[in-house]
Amino acid sequence: MEKWKIQSNIEKIERGGNTNFLNKKDIHTITKILDKRNVKYQVFVPYEEAEKQIIYGNQKNATLYLIKTKEKLTHPKILGTLFSLSLEEDCFGDIVTAHDNYYIMVVDKIKKYIEMNFLKVGKIKVSLEERDFSEIKKHQLSYQEIKLTLSSLRMDNVVAKLIPTSRKKASDVITNQKVMMNYELLKNNNVIVKKEDIFSIRGIGKFKVVAVTATSEKYIVILHKYI
């Protein structure tokens, strides 16, 4: 996060306001400064493992919606719909899928907009129903484990395996700003992946690197794909 955005968020909290949804890295950066300034604040964590959270002074100003549909949805399709509405990423929180229920959470300032425009996920018609956050408080993330055998730990090689496509086309995906890594836009395709890295590929999904093992000629990478 740019320095001016950090300062802007700090000023909001000092006035008793709230941030939008922030990733854990930005939460840590801002709360560390707030602690040094003895500013009172709270952190809204929708559920224990939530990646995106809100720092607030008086109230969190966020809303949870159940996506009502009789069809099966996927995390990438829901995320794609949110981005198709030209929303800034900090305007919405984690997408939660639990027992064939699908939830999105947004900051209150876009409530009317999201209710008027979130009408389809892909070609599937949907509607939104406001719910209390207590409904997802005990939610636990589900993962699909993926094992990759790689000749290189470069990020373009990882992307190529996951899409799947050629490394040249994978490099174009990165160049076209469709890959986030550790909560920042990935700009270089030669970045080396390591254990605990978190990355997402637009339209493919979100992943966490849980293990990296080197053999004589190859690398074995174990990923958890968020479901």
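**Close-up views of a predicted model**

**View 1. Strands S5 and S6 form a hairpin with two residues between them.** In the turn, His99 has a positive phi of about 55 degrees. Helices (H or I, at least four residues) and strands (E, at least two) are DSSP runs, numbered from the N terminus. This is a predicted model, in which local features need pLDDT of at least 70 and side-chain atom pairs count only at pLDDT 80 or more, while totals for chains, interfaces and linings use all residues. Residues are numbered from 1 along each chain as its sequence is written, and side-chain values use heavy atoms, with hydrogens and water left out. S5 (residues 96-98) pairs with S6 in the antiparallel sense over three bridges; two strands pair if DSSP finds at least two bridges between them. Look for Thr97, which stands opposite Tyr102 in S6.

**View 2. Strand S6 also pairs with strand S4.** S4 (residues 62-68) and S6 run in the antiparallel sense over six bridges. Here Leu66 has Tyr103 of S6 as its bridge partner. Six of the seven residues of S6 (residues 101-107) are buried, so this strand is largely enclosed by the rest of the structure. Buried means under 20% relative accessible area, exposed over 50%, and partly exposed in between (1.4 Å probe, protein chains only).

**View 3. Helices H5 and H6 pack at an angle of about 105 degrees.** The axes of H5 (residues 155-162) and H6 (residues 167-175) are 8 Å apart. That makes H5 roughly perpendicular to H6 (angles under 35 degrees count as roughly parallel, over 145 as roughly antiparallel, 65 to 115 as roughly perpendicular and the rest as oblique). Axes are lines fitted to C-alpha atoms, for helices over the stretch in contact, and angles run from 0 to 180 degrees between N-to-C directions. Contact means heavy atoms within 4.5 Å; the residues involved include Met155 and Val159 of H5, and Ala170 and Ile174 of H6.

**View 4. Six strands make an open sheet with antiparallel pairing.** Follow the order S10-S15-S14-S13-S11-S12. S10 (143-150) and S12 stand at the edges, each with a single partner strand, so one side of each is left without a neighbour in the sheet. S11 (residues 179-181) pairs with S12 over two bridges, and Met180 has Leu185 in S12 as its bridge partner.

**View 5. The mean pLDDT of the chain is 94.** This value is the predictor's confidence in each residue, from 0 to 100. Among the elements of the chain, S12 (residues 184-185) has the lowest mean pLDDT (87) and S4 the highest (98).
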